[in-house]
Amino acid sequence: MTNLCTTLSSSCSNTSPFIFSVQPLKLYNATRKKHRSRNFMLKMCSSIPQNATVVGCGSLSVDFLATVAAYPKPDDKIRTTTLKVQGGGNAGNALTCLARLGLNTRIISKIADDSQGRGILDELRADGVDTSFLVVSEEGTSPFTYIIVDNETKTRTCIHTPGYPPMIPQDLSESSLVSALDGASIAYFDGRLYETALVVAHEAARKNIPILIDAERPREGLDDLLKLADYVVCSAKFPKAWTEASTVPQALVSILLRLPNVKFVTVTLGKDGCLMLERSVNGTSKCPSVEDVDVDNLLKSLELRKDKSASIPTCISSSVAKLKAEGIGTVTGKLYIGTAESIPPSELIDTTGAGDAFIGAVIYAICSKFSPEKMLPFAANVAGAKCRDLGARSGLPYGARFASFIR
């Protein structure tokens with residue numbers, strides 16, 4: 001098996017290039033440019049941060065994607081309209097996104113030496129992800145996920161089966177750990193494989209390598225990882241679930257207060273875009289003139305500035321303020337609203353992996369030193385490109401040209 005990505009129907013394919021409408025930036029659909037030379041991309045893309053390397057630790061899997069006309073009721077028997085088998089897993093998807101955008105990527109994870117594991121390995125290598133630190137068990141099974149994509153509601157339902165045997169810290173030798181982090185620009189963790197992830201994260205922190213955590217949902221060991229984080233990107237439900245705050249803006253304030261090393265926390269909201277709270281680098285003591293603002297009221301005022309007729313991703317930001325959350329506390333920073341791309345229904349195929357694409361783009365933006373006003377629309381566009389094809393990886397764009405976006 002040379003590549004996992006196989007499709008039994010081409011009805012869901014979109015082979016036209018995607019355009020970033022914030023600026024005339026063209027992204028290339030993965031299905032058209034699958035064999036594009038990575039070296040050629042690096043020459044074409046002057047904006048790519050030189051020698052930037054991202055080390056990711058987390059999940060890999062095989063995704064069995066079945067599209068259906070409508071989600072079945074209990075005891076129903078239905079037919080698929082399209083079936084695709086493709087690599088998946090949060091870490092695998094985010095690193096594939098980064099590799100296609102042109103960064104150096106290394107994956108720390110575990111698979112089995114079975115047909116599915118070999119397919120996972122081949123697909124990562126084909127996309128330029130360094131698999132030197134991937135542990136391959138001689139026995140056991142590789143992780144896999146059944147994904148039902150509902151064409152009627154444009155939603156997906158995932159049923160995951162973990163791999164066996166699970167990864168443990170002893171699987172990663174000290175020399176491999178040191179080599180994996182050598183020269184790394186940033187380390188990324190999706191919250192899986194937490195025992196191994198903690199070992200890698202502590203070493204990254206010791207080496208002063210910035211850490212980004214994907215907080216999809218509360219997991220065992222996630223709190224310990226978050227204590228080491230410089231950046232946090234979380235799902236819509238996570239902030240309130242983790243902090244028990246009554247609103248998302250209040251929860252973001254709580255997160256920054258509980259995690260004093262975090263520079264920003266971003267929450268993805270699907271078609272509603274994202275919110276981001278950035279800590280002021282100057283701090284309260286050096287900003288005596290900033291006013292106190294209720295964070296919920298601030299969000300409402302920013303919402304009024306949205307252009308509801310715009311289909312392109314945009315970013316709306318506040319001024320630096322002392323943001324108050326009732327009963328929680330105050331943090332000095334800026335609140336941002338990032339809007340999502342308005343994708344025509346005829347082009348919206350599948351949201352599987354959209355969050356992973358968003359995170360990959362955020363990591364790219366950090367390595368490129370993008371401002372939040374540039375980072376959030378950029379990440380929304382990358383995620384929007386992914387949603388135009390079936391599966392977490394088929395629609396991931398190749399970053400052949402970024403010059404117009406950078407300008």
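The chain exposes about 17900 Å², with carbon and sulfur atoms supplying 50% of that area (Shrake-Rupley method, 1.4 Å probe). Residues are numbered from 1 along each chain as its sequence is written, and side-chain values use heavy atoms, leaving out hydrogens and water.

Let's start with confidence. pLDDT, the predictor's confidence in each residue from 0 to 100, has a mean of 86 over the chain, and 84% of the residues reach 70 or more. Over residues 5–46, however, pLDDT stays under 50. Where pLDDT is low, the predicted coordinates should not be read in detail.

Now for the fold. The chain has twelve helices and 20 strands (DSSP runs: H or I of at least four residues for helices, E of at least two for strands). Of its 407 residues, 55% are buried, meaning under 20% relative accessible area with a 1.4 Å probe, protein chains only.

Moving inside, the largest nonpolar core has 54 residues, and I108, F189, L277 and L323 have the most contacts inside it. Such a core is a set of buried Ala, Val, Leu, Ile, Met, Phe, Trp, Tyr and Cys residues joined through side-chain atoms within 4.5 Å. Another core, of 48 residues, lies apart from it and includes L121, I186, A361 and A365.

Finally, the cysteines: the model has zero disulfides, taken as pairs of cysteine sulfur atoms within 2.5 Å. For C274, the nearest cysteine sulfur belongs to C315, 7.4 Å away. C274 is buried at 3% relative accessibility, and C367 is buried at 14%.

Definitions and conventions: This is a predicted model: local features need pLDDT of at least 70, side-chain atom pairs count only at pLDDT 80 or more; totals for chains, interfaces and linings use all residues. Contact means heavy atoms within 4.5 Å. Buried means under 20% relative accessible area, exposed over 50%, partly exposed in between (1.4 Å probe, protein chains only).
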